[in-house]
Amino acid sequence: MKNLPVVTLVGLLLVATVSAVQYKLEFYEAPVTATLNSTSRVLTVANDGKVVQTITLGRDLGTSQDMEEIANGFKLKSIDGEEFEITKDVDESGFSLFTVARKSRHRSRKVVDCVKISGANWYGGPQQKYQYWPIQKLRFNEYSYLSKEADNCAVGDRYWLNSLGSFVFVDRTAPLFVDQNYGEPGYLCLEAKKTLPYDVYDATYSFEYKVGVANHAKAAHLKAVGHILGKPTGYPAEEMVKYPIWSTWARYKRDIDHDLVLKFADEIISHGWVDTQFELDDNWETCYGSLTFNTTQFPDIQATIAAIKAKGFPRVTIWIHPFINKDCEPIYSEAKRMGYLVADHTGNTDTQWWNSQQGQAAYVDFTKPEVAQWFKDRLANVLAVSGIDSFKFDAGEASWSPPDALLSGDRKDNPNNIVYDYLRTVASTGGNLVEVRTAHNTQDLPVFVRMIDKDSEWDWNNGLPTLITTLLQMNMVGYPLVLPDMVGGNGYNGAPSKEMFIRWLQANVFMPSIQFSYVPWDYDTETVTIAKAMTTLHEKYTPQIMARFKLAVSDGLPVNPPLWWISPDDTNAQKVFDQFLLGDDIIAAPVIRENARSRDIYLPAGTWIDGNSNAEHTGPKWIRNYSVPLSMLPYFVRKDA
């Protein structure tokens, strides 16, 4: 965590009333106060008299025993020896940051603090298949909070922001589980316990989290970025933003070879797309983990890549994963002999991923520096022998490790440090065309973070509505360089319909990049015409996307924030889930419902120009039943922007 630039404690008042045994902490010259009732252990944080956080401390404990004043705060002790420390720092702008720290003296103990989420709108949290927005509707039961494949939880940063101008951030080392709306409706209960999938070998463990308070949600989030989350140190190439990416995956799955990829390239060029990016996905290796080309499918990979580029694709990338299957010899046996595979505490390296049977694969152990370098050297060889430019890195979640993994580094970081080290290894390869799909405390990396695979569905089960809400979720946990998944989804239950393909593409236009795999000419000429119009519109607004990328690096701003970002106190904007912003001056309002030819659109305060009709609107206002034929994407640009 980053230190506050200027920390000033301006006053502390500890008050105990006999009847309620209530302790009050006040900081003079700052409007943010905290009150703790030592009987109920309810911590109430208020800003200028308005309650912004209510947290029940120690839901797992019995009676409190004692309290004492410490530097910048106070310490509370329970009758069974558990301790809480609550401290407060204030920066030069008046932003207040509370730290709640608990240390369990018993490895078997579960500690529980519960944050009240009713009464406000909440944002952030984990990436999910059912990516509702705002997130207070989500429901979890003892949910292990780490980057994992289950539920699409590839981005699992422990950050929640509310509409009242306050956030909660749990330290990455806490063995965290969450209960939300389970057993305690209207509460997000933060549970820490020493059990799998976390390290279980320390006698004690710490549980620490931050509570930040600012004047509104936007200000609070920017303080979280500045003090805790961090911001990107760079951004992807403009060419990867401006022009589409064409992947072999959804259309062809694993059935690729030299002739097929050249045919695909010819189709793309013949329909008018040039200077775009071509991506070879799954099934180019001799076996999974070899990182060598299958000469049956690609007899001369240099010739294949050269031919693709000669057709008009200056950038070619390739799919990479962090696994080695057991039948991939001799590399599997060599890696195991050298200790380069993630092992559990018994030495077992067996795991499973979607391209293996149970126990028939292993995960490369990126927590060992020599292994990370070995993997990077092998990637460099892929580039050298092929002429390929960069990589699409798949998987990487902690859940692919064997249970009870024995990883290098601080045991408190297990198992999330495999994610952290994998991403830091691969982000330094492939220049400014790299994409990854996992994230954990890696907001600083200058790479695209791709949404995990979306399904070709209209509903909330990982379908089209979640394309927008996942974009918002990722931006609001500090990952503004978002690569949307492929237009139309992955077709695991059948290819997208024409309508779905078009509406999905329209939703992508004001996102950072457009990825195709299913193609418009598989439908009809109308679809091709609409697709050309949409990619041209995206190209037109690429300067605004790149400008926002630069602001993400310099100031930590989200690229595609939710609608409330430009009007934080607007309660209507706080609830909008099917619109989003590009920067502060463009509102996208795509259609995400099947057979819909109209929709309601909300405009926050300001003067807005309809991008289709040039009509002028002054917000805040609802535009009801806005007509949206299949060829149209509704969007609005701030006047004089």
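The following legends describe close-up views of a predicted model.

**Figure 1. The largest nonpolar core and the surroundings of Phe 510.**
The largest nonpolar core of the model has 204 residues. Trp 160, Phe 167, Leu 190, Phe 278 and Phe 510 are the residues with the most contacts inside this core. In soluble globular proteins, nonpolar side chains tend to be buried together.

A pair of aromatic rings is described by the distance of the centres and the angle of the planes. By the rule used here, the model has 44 aromatic pairs. In one of them, Tyr 252 and Phe 264 have ring centres 5.2 Å apart and planes at 75 degrees, an edge-to-face arrangement. Tyr 252 belongs to helix H3 (residues 249–252) and Phe 264 to helix H4 (residues 258–270), twelve residues apart. Tyr 252 has a relative accessibility of 15% and therefore counts as buried. Phe 264, at 0% relative accessibility, is buried as well. For Tyr 541 and Tyr 635, the ring centres are 5.9 Å apart and the planes stand at 80 degrees, so this pair too is edge-to-face. The two residues are 94 residues apart and link distant parts of the chain: Tyr 541 lies in the loop between helix H11 (525–540) and helix H12 (542–555), and Tyr 635 in strand S34 (residues 635–638). Both tyrosines, Tyr 541 and Tyr 635, are buried.

**Figure 2. A cluster of aromatic rings.**
Ring pairs join ten residues into a cluster: Tyr 288, Trp 319, Phe 323, Trp 353, Trp 354, Tyr 363, Phe 366, Phe 375, Trp 400 and Tyr 422.

Helix H5 (residues 301–310) packs against helix H7 (residues 369–386) at an angle of about 70 degrees, and the two axes are 8 Å apart. Because of this angle, H5 is roughly perpendicular to H7. From H5, Ile 301, Gln 302 and Ile 305 take part in the contact, and they meet Ala 384, Val 385 and Ser 386 of H7. By class, four residues of this contact are nonpolar, two are polar and none is charged. How do the axes of H4 and H5 cross? They come within 10 Å and cross at roughly 10 degrees. H4 is therefore roughly parallel to H5. Here His 258, Val 261 and Leu 262 of H4 meet Thr 304, Ala 307 and Ile 308 of H5. The contact of H4 with H5 comprises four nonpolar and two polar residues, with no charged residue.

**Figure 3. The contact between helices H10 and H11.**
Helix H10 (residues 498–508) and H11 pack at about 10 degrees, with axes 9 Å apart. This angle makes H10 roughly parallel to H11. On the H10 side, the contact involves Lys 498, Phe 501, Ile 502, Leu 505, Gln 506 and Asn 508. Their partners in H11 are Glu 526, Thr 527, Ile 530, Ala 531, Met 534 and His 538. Six residues of this contact are nonpolar, four are polar and two are charged.

**Figure 4. Pro 314 and its contacts.**
Pro 314 is located in the loop between H5 and strand S20 (315–320). Its relative accessibility is 36%, so Pro 314 counts as partly exposed. Apart from neighbours within four places in sequence, Pro 314 is in contact with Asp 275, Thr 276, Lys 309 and Asp 389. Val 274 is 40 residues from Pro 314 in sequence, and their C-alpha atoms are 9.1 Å apart.

**Figure 5. Backbone features at selected residues.**
Most residues other than glycine have a negative phi, and most peptide bonds are trans. The peptide bond from Leu 196 to Pro 197 is cis, with omega near 15 degrees. Pro 197 is in the loop between strand S16 (187–192) and strand S17 (205–213). Gly 619 and Pro 620 are also joined by a cis peptide bond, with omega about 10 degrees, and Pro 620 is part of strand S33 (residues 616–627). Asp 48, which is not a glycine, has a positive phi of about 55 degrees. Asp 48 occupies the loop between strand S4 (42–47) and strand S5 (50–56) and, at 68% relative accessibility, counts as exposed. Leu 291 likewise has a positive phi of about 55 degrees. Leu 291 lies in the loop between strand S19 (277–280) and H5, and at 6% relative accessibility Leu 291 counts as buried.

Conventions. Residues are numbered from 1 along each chain as its sequence is written. Side-chain values use heavy atoms; hydrogens and water are left out. A nonpolar core is a set of buried Ala, Val, Leu, Ile, Met, Phe, Trp, Tyr and Cys residues joined through side-chain atoms within 4.5 Å. Buried means under 20% relative accessible area, exposed over 50%, partly exposed in between (1.4 Å probe, protein chains only). Axes are lines fitted to C-alpha atoms, for helices over the stretch in contact, and angles run from 0 to 180 degrees between N-to-C directions. Helices (H or I, at least four residues) and strands (E, at least two) are DSSP runs, numbered from the N terminus. Angles under 35 degrees count as roughly parallel, over 145 as roughly antiparallel, 65 to 115 as roughly perpendicular and the rest as oblique. Contact means heavy atoms within 4.5 Å. Ala, Val, Leu, Ile, Met, Phe, Trp, Tyr, Cys and Pro count as nonpolar, Asp, Glu, Lys and Arg as charged, and the others, Gly among them, as polar. Rings of Phe, Tyr and Trp (its six-membered ring) pair if their centres lie within 6.5 Å; planes under 30 degrees apart count as stacked, over 60 as edge-to-face and the rest as tilted.
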